[in-house]
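Hello,

Please find the structure below. My notes on it follow.

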Amino acid sequence: MAYRDSPFQDLKVPLTWTAGVAAVLALAIAVFVFISDRKDQARVSAEALGHAKARASFDAVLAPVAGVLAAPVRWINDGATSVGDYFFAVSENRRLKKQVAELQQVAIADVAIKNLNRRYETLLKLRTDPPIPMVTGRVVSDTHGPFSNARLIDVGSNAGVKIGNPAMSEQGVVGRVVGVSANASRLLLLTDPESRTPVLIDRSNARAILTGDGGPNPRLEYLRGKDAVHNGDRVLTSGDGGLYPRGLPVGVAEQDVRGVWRIRLYSESGAIDFVRVLVFDDFSQMVDQAKLAEPAMPPLNPSDQSKLKAAEAPAPAPPLAPDASGPVPPIPASPRVAATAPAPPPSGAPAKPQAKIRPGPTKAAKPQPGAYRHVHTPEAGPPMPDPSRPDGGA
Amino acid sequence: MARTPSRPLEPWRWLGVPAFVAILATVAIDAPIRVFSLALPEPIFPMVLAFGWAIIRPSILGPFVLVLVGLFLDLYCAAPLGLWPISLLVAYGVALVARTLMVGQETEVMGFYYGASVLAAFACAYALVAIAGHGQPNLIALLWQFAATLALFPFVLMLSNRFRDADIRFR
């Protein structure tokens, strides 16, 4: 039966309302995806919904396509750069000669500093960091804007790149790897709104967290210390939390018109065609996680203390015999103190509880494959016990 | 290929082809180059689709194609999944509501509503990123991208003029 002969021929669907209902339905789907993505980032890989895998697969497909599409634009840019180089060759030559002369002085001073540094390291028996292997990759796409800043590079897990590896250009730190497929990796830049990087001020050794906001100059937050930073101070990675090696150049501190400290990134000073991925295993990745995560002895309840005292008390002595060691000191009722009872001091000195700290946060510092864009911010470690306080300072 | 007025307008022509072109444009403009040490502006090309499709014709397929294009944008930009589908649908909704107000009006009026829908979409994206990322995106970068997206208005006119009266059933 033809449509015009059917009872539906008189059915008039209000187009705008139908489209409105479709838009609401599509919006509900989009909101569900957004919420599930947020929840997925908080999960460990075993419980993840597969968003990270979907992103990695997408990147694997996109990398060669973006490389081909970007090629003509790159050729045009290279051509324009060549023309500019031709016209500015004389001034560039003068500038480079001056720079070479300055660098020769720096190189001479560098030899002396390295020599002195080696002596200090030998004297202090410092355990120096081993050299970090690097992998060079070409940037095939560069997305920027207020909501996300990321780059796609053409090296992946086949070249040894792992999630969490830092990446540098020839000028300074660019960001870190947040997604890996076989032949492509996704870099989260320092300028991304979700990027948090522990840094230090080279002059004052003050610590701060570099916080991206989508602009070219990320903010310095949680800056500690009075007069910790000045205009023009050099900022390096601090290595806190084990995300980055210590001492990688990040940028120069500058105060904006509102008084907020920002960083002029070294890596933003030019086009980033190639990046070096530092195949860097942080401390939390190198140590035996299983051993660190071994549970400590359960904390003592006040009711258990009397049992412990009774178990460790010496055999009952004759009633008239004097006890040379004195009374057994009370065991601190701190939840962080393990069941190892402190030995009584031999000379009547105040007892110091042997506190045992549970290795809680070390496991969380390891980047999980499911946490695709989640940037681990180093948190304060567990509070150290203060022996001067009766409760152990916990 | 010449269009005949009697031929119905298939969805792939006014939905599929423009979506593909917007995706190609997004990928092509993200080449890692700098001009005078400045990155190229990165407009949100699918915003043209969100506004143009609502103007051309209210459709059931349109919002769902917008979700797919938005998901591509999220994956491509490494943004939180769902960010651009929601923002594009907000722009689509504003244009759908304002559609009857734009009938018979000058181009400037359409430009005003395009600006309003883009503004609503960016405000939504700003709020979502602020909530999800626990930080406020940079306003200057936001204004820069907003201005670049506004500059795509000629493409909205091209899309609208090409397909608005293309199907005799909807004249």
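**Helix H7 of chain B**

In this predicted model, helix H7 of chain B covers residues 153–163, and its buried residues are B:Phe155, B:Val156, B:Leu159, B:Ser160 and B:Phe163. Look down the axis of H7(B): these buried residues fall within an arc of 135°, so they line one face of the helix. The general rule for the spacing is simple. An α-helix has 3.6 residues a turn, so positions three or four places apart point the same way.

What do the buried residues of H7(B) pack against? Three helices of chain B: H1 (11–28), H2 (46–56) and H5 (107–133). The face turned away from the buried side of H7(B) carries two exposed residues, B:Pro154 and B:Asn161.

**Chain B overall**

Chain B has 7 helices and 2 strands. Starting at the N terminus, its elements run α-β-β-α-α-α-α-α-α. The chain has 171 residues, and 51% of them count as buried. Now take the contacts in chain B with a separation of 6 or more. Of these, 71% are between residues 24 or more positions apart.

Some background on backbone angles. Most residues other than glycine have a negative phi. Two residues here are worth a look.

- B:Ala78 has a phi near 60°, a positive value in a residue other than glycine. B:Ala78 sits in the loop between helix H3 (61–77) and helix H4 (83–102) of chain B.
- A:Tyr222 has a phi near 55°, again positive in a residue other than glycine. A:Tyr222 belongs to the loop between strand E8 (219–221) and strand E9 (234–237) of chain A.

Buried or exposed: how does B:Ala78 count? B:Ala78 has 27 C-beta neighbours inside 10 Å, so B:Ala78 counts as buried. A residue needs 20 or more to be buried, and 12 or fewer to be exposed. A:Tyr222 has 12 such neighbours inside 10 Å and therefore counts as exposed.

**Helix H2 of chain A**

Where is the kink in helix H2 of chain A? H2(A) spans residues 51–87, and the kink lies at A:Ala71. The angle is about 40°.

Best wishes

Note on methods: Residues numbered from 1 in each chain as written. Chains lettered and ligands numbered in written order. Predicted model: local features only at pLDDT ≥ 70, side-chain atom pairs only at ≥ 80, totals over all residues. Bend = angle between axes of the 7 residues up to and from the residue. Helix = DSSP H or I, 4+ residues; strand = E, 2+ residues; numbered from the N terminus. Arc of directions from axis to C-beta. Contact = placed C-beta atoms within 7 Å.
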